[in-house]
Amino acid sequence: MSAILHRNLAGGYPVAVSGQGVIITDTEGKAYIDASGGAAVSCLGHGHPDVLAAMHAQIDKLAYAHTSFFTSEAAEELSENLIARAPKGMARVFICSSGSEAIEACLKLARHYFVEKGETRRVNFISRRQSYHGITAGALSVGGRMKDRAPFTEMLMQGHHISPCYAYRGQASGETLEEYGLRMADELEAKILALGPDTVAAFVAETVVGATLGAVPPAPGYFKRIREICDRHGVLLILDEVMCGMGRTGTLHACEQEGIAPDLMAIAKGLGGGYAPIGAMLVSAPIVETIRQGSGAFPHSQTYNGHPLACAAALAVQKVIARDDLLANVRLQGARLERRLNERFANHHHVGDIRGRGQFWGIEIVADRASKTPFDPKLKLNAKIKQAAMAHGLLVYPMGGTADGLAGDHVLLAPPFIVDEATVDMIVERLGEAVDTAIARAS
Ligand code: PLP
């Protein structure tokens, strides 16, 4: 009997005791290949000696100092490192402890920016259905996973949602991918005009949609059009790269591949690689300048902002990725993963779509490929796949609600950047067994 309020009261979780490289081992001695890095977190794998050494060195010097009294060497160096490699125009970093906190900071700063500018009517945030931006109240308000929001709707900020850019289900016949992307982007302009352009603060979107859709990249040209629309109406663009950022898609930031830069950006998971809880907001220069010329302060702080130990861990993770050129491995092994997934699943009766970028891949499971009909959500197929994968010694990140927020199943893969060819092959082999086992059990 556990004293923990586990995420599921039925419990039944194995106890993880050690992690090395791509493997996590439990108390029974069972080894699991961590093919999703938890939830796309463990980008360097587990137990990396250089990260552990940096953390030990930091904790021996200073574990914590409150940011109302001090800054720290670790936080300063990490911020410099992030700004030096940030999308164009980024000028400052705000360091917090999770992805949700990074999104909350983006929402609050967007609003604060407009208050500083005297545009106080700008209170609305627009985001997309089937998106996930975190679990705290503000983040949940902009999130588009209606199942998560349902019990709390009455206490949340009003959400304004447009369609996701999800070609597998949204692209019309006779429409090119580019035309589809522009049609989806234009929904933003229609929504801004409906709300009144002077009432909209920001548009929030994951550059590559992660947990809720399963590694869905945008259509070509989508984000360029989004950027134009935001600029036309003075609306800020907030990119959520909590899951898809920090190298996961083969470039440090996913938006590099879209040829645009946001006004505010949230990063987290791969920033610290799971060695410490850390997230961050990157802030563009005009926003910093507006605050400097206004009140001179951002009234939003938390006790653990800029935690020195978390910053030292993240800095070490980022230095190892750069030193070992691990993004080259992300691109190389990502291409192998794509190939292997296609060999195993492209003709599978129940796999409707295989999509992704870098080492961020999703397969969408359907009852019928021709009609794209999902399995009955009551079968909880995604949970069964997770269970079967664990039985086969594999950790993947399946989720439901893919098709419309309620029905649909996908499996997300996000292996550590250190993965090798043999492990990629083993991941796909075990995933194939898990998918087949789960579908057989569900049918
Ligand atoms: N944004 C995205 C895109 C995410 O995938 C997540 C978490 O899965 C979050 C925000 C929230 O991050 P956290 O769970 O660290 O609060």
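**Sheets and a pocket**

Mentor: In β7, Ile-126 has Phe-203 as its bridge partner. This is a predicted model, where local features need pLDDT of at least 70, side-chain atom pairs count only at pLDDT 80 or more, and totals for chains, interfaces and linings use all residues. Residues are numbered from 1 along each chain as its sequence is written, and side-chain values use heavy atoms, with hydrogens and water left out.

Trainee: What is the mean pLDDT of the protein?

Mentor: The mean is 97, and 100% of the residues reach 70 or more; pLDDT is the predictor's confidence in each residue, from 0 to 100. Confidence is lowest in helix α6 (residues 146-149), with a mean of 86, and highest in strand β8 (residues 236-241), at 99. Helices (H or I, at least four residues) and strands (E, at least two) are DSSP runs, numbered from the N terminus.

Trainee: Back to that bridge. In which sense do β5 and β7 pair?

Mentor: Parallel: strand β5 (residues 124-128) and strand β7 (residues 200-206) pair that way over 3 bridges. Two strands pair if DSSP finds at least two bridges between them.

Trainee: What order do the 7 strands of the open sheet take?

Mentor: The order is β4-β10-β9-β8-β7-β5-β6, with mixed pairing. At the edges are β4 (90-96) and β6 (160-162), each of which pairs on one side only.

Trainee: New topic. How much space lies in the second largest pocket?

Mentor: About 790 Å³. On a 1 Å grid over the protein atoms alone, a pocket is an open set of points where a 1.4 Å probe fits, with protein on both sides within 12 Å along at least five of seven lines; lining residues have an atom within 4 Å of a point. Grid points are joined across faces, edges and corners, and a volume is the space filled by probe spheres set on the points.

Trainee: Which residues lie nearest its centre?

Mentor: Arg-92, Val-93, Phe-94, Ile-95 and Phe-298, out of 28 lining residues. Elements giving two or more residues to this lining are α3, β4, β10 and α11 (285-293).

Trainee: And the sheet of 4 strands, what is its order?

Mentor: That open sheet runs β11-β12-β15-β14, with antiparallel pairing. Both β11 (351-357) and β14 (397-400) are edge strands with a single partner strand, so one side of each is left without a neighbour in the sheet.

Trainee: How many bridges join β11 to β12?

Mentor: There are 6 between β11 and strand β12 (residues 360-365), which run antiparallel. In β12, Ile-365 is the bridge partner of Val-351.
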